[in-house]
Amino acid sequence: MYRIGQEEIDAVARAINSRDFFKINGGNKEVYHFEEEWKNYVGSDYMILMTSGYAAIVSALIGIGVGPGDEVIVPAYTYIATALAVLETGAIPVIADADETLTIDPEDVKRKITKHTKAIIPVHIQGFPSNMDALKEITNGTGIKIIEDACQSAGGTYKGRFLGSIGDAGTFSFNYFKVITSGEGGAVVTNDRTVYERSLIYHDAGAVAFFGDQLNGISEPLFGGREYRVSDITGAILREQLKKLPGIRADLKKNQFFFIDKLSSRFTKAPSNDMEGDLGTTVALRFGSEKETRDFAQKCAEKGIGFTIPFDTGKHVYTNWTQIMEKRGAFHPAMDPYKFSENQGLQMNYTHDMCKKTLDLLSRTAYLLVNPDWTEETCTNIANTILSI
Ligand SMILES: *Cc1c(COP(=O)(O)O)cnc(C)c1O
């Protein structure tokens with residue numbers, strides 16, 4: 001969360017005062033308007049707002065037809081929700097290394113592709129754009145789909161296109177920790193009509209056929225799914241947040257580039273697939289060893305400057321994905337994809353050292369988390385303190 005205030009409070013009041021903040025029937029249709037505005041912003045044909053980023057990833061996977069018997073490649077460095085979402089579809093998450101950019105390594109993706117691979121989920125973690133060109137080249141003509149996890153990168157771009165709008169589908173989160181927020185929330189975008197229709201049906205299985213005219217023009221047959229619907233209160237908050245996003249983005253970039261420029265004489269920045277497009281929330285410094293990284297972060301902490309070592313970020317690192325590493329994929333054995341007959345023989349031999357390269361890179365990186373509201377004076381003081389170490 002960066003900028004939230006009176007505008008959002010007024011928007012919530014607007015939604016509540018309408019006395020009808022169910023998203024479909026009437027009222028101010030805040031969700032409808034936000035979906036239109038978000039589509040225009042990122043440049044996608046279809047958009048569905050829902051309860052969470054996790055819900056969005058699951059709905060997008062169901063949208064492209066993932067299910068039991070399929071493998072979906074996810075990066076070793078992402079929030080656990082990315083991998084858990086694969087399990088909800090009955091498919092198996094296959095874990096691939098990160099490269100120097102800390103996004104999924106296209107070379108390792110190539111090694112992990114089998115005849116069972118149905119999709120790849122590149123994650124633009126910390127706003128770092130994944131190598132979309134390389135992934136598209138790998139999947140071209142194979143039928144393997146790409147679902148972008150842009151949960152941490154709303155507003156970032158790759159070669160001029162918004163993150164999330166480049167793959168077969170893209171997913172966003174608007175939970176409290178993200179760039180723009182409604183406390184909780186998520187979204188799927190796609191240009192593929194079938195993916196849209198299947199995601200729509202799955203995300204609102206109980207009500208899509210009951211309320212309003214939501215099935216007008218829908219040709220996919222109804223099937224069972226989940227209830228991931230949101231209210232117009234969520235939509236109202238996000239309409240205000242979207243208005244602020246370009247300003248947040250511009251100030252993040254200004255401050256990020258200020259630090260990169262100042263620190264480049266002494267420190268090495270981690271490489272990027274598109275430094276202009278990178279969202280700007282993070283300055284990632286790369287060191288020669290874990291010890292060097294920890295010594296640096298310790299010295300900064302003593303001077304009041306917090307650096308985060310991504311190795312220490314808990315459920316963002318595959319070795320800490322307990323349910324997955326121990327293969328408990330559901331609440332009941334009969335619902336557990338790891339036990340499905342369709343999935344026997346798929347790649348699910350998880351070990352702690354299976355993505356050693358990722359662990360090494362995460363332990364040799366330190367993040368300065370940028371605030372868009374830091375003034376030039378604050379940035380100068382922080383940079384000078386770091387340079388004095
Ligand atoms: C936040 C996040 C999610 C999940 O989003 P929720 O809204 O919390 O469900 C998924 N993937 C990544 C990379 C995230 O950062």
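Select F34, W38, Y41, F162, F172 and F174: ring pairs link these residues into a cluster. The model on screen is predicted. In the whole model the count comes to 19 aromatic pairs.

Next, select F267 and F287. Their rings form an edge-to-face aromatic pair, with 6.2 Å from centre to centre and 70 degrees between the planes. F267 sits in the loop between helix 8 (232-263) and strand 10 (268-269), while F287 sits in the loop between strand 11 (282-286) and helix 9 (290-302), so the pair ties together parts that are 20 residues apart in sequence.

Go on to Y338 and Y350. The ring centres of Y338 and Y350 are 5.9 Å apart and the planes stand at 85 degrees; the cut-off for edge-to-face is over 60 degrees, so this pair is edge-to-face. Y338 and Y350 both belong to the loop between helix 10 (322-325) and helix 11 (356-363), and they are twelve residues apart. Y338 is buried, as is Y350.

For a ring with a charge as its neighbour, select K29 and Y32. The charged end of K29 sits over the ring of Y32, at 5.9 Å from the ring centre.

Take the pairings one at a time. Strand 10 and strand 11 are antiparallel and share two bridges. To see a bridge between them, select T268, whose partner in strand 11 is R286.

How many of its five residues are buried? Five of the five are, and strand 11 is thus mostly covered. The cover extends to both faces of strand 11: T282, A284 and R286 are buried on one side, and V283 and L285 are buried on the other.

The tour ends with two helix pairs. Select helix 3 (residues 53-64) together with helix 7 (residues 193-203). Their axes come within 7 Å and cross at roughly 130 degrees. Angles over 145 degrees count as roughly antiparallel and 65 to 115 as roughly perpendicular; helix 3 and helix 7 are therefore oblique to each other. Their crossing is right-handed.

Then select helix 1 (residues 6-17) and helix 8. The axes of helix 1 and helix 8 come within 8 Å, with a crossing angle of roughly 150 degrees. Helix 1 and helix 8 are therefore roughly antiparallel to each other. The crossing of helix 1 and helix 8 is right-handed. From helix 8 the view can return to F267, in the loop between helix 8 and strand 10.

How values were computed. Residues are numbered from 1 along each chain as its sequence is written. This is a predicted model: local features need pLDDT of at least 70, side-chain atom pairs count only at pLDDT 80 or more; totals for chains, interfaces and linings use all residues. Side-chain values use heavy atoms; hydrogens and water are left out. Rings of Phe, Tyr and Trp (its six-membered ring) pair if their centres lie within 6.5 Å; planes under 30 degrees apart count as stacked, over 60 as edge-to-face and the rest as tilted. Helices (H or I, at least four residues) and strands (E, at least two) are DSSP runs, numbered from the N terminus. Buried means under 20% relative accessible area, exposed over 50%, partly exposed in between (1.4 Å probe, protein chains only). A charge sits over a ring if NZ of Lys or CZ of Arg is within 6 Å of the ring centre and within 35 degrees of the ring normal. Two strands pair if DSSP finds at least two bridges between them. Axes are lines fitted to C-alpha atoms, for helices over the stretch in contact, and angles run from 0 to 180 degrees between N-to-C directions. Angles under 35 degrees count as roughly parallel, over 145 as roughly antiparallel, 65 to 115 as roughly perpendicular and the rest as oblique. A crossing is left-handed if the near helix is turned anticlockwise from the far one by less than a right angle, and right-handed if clockwise.
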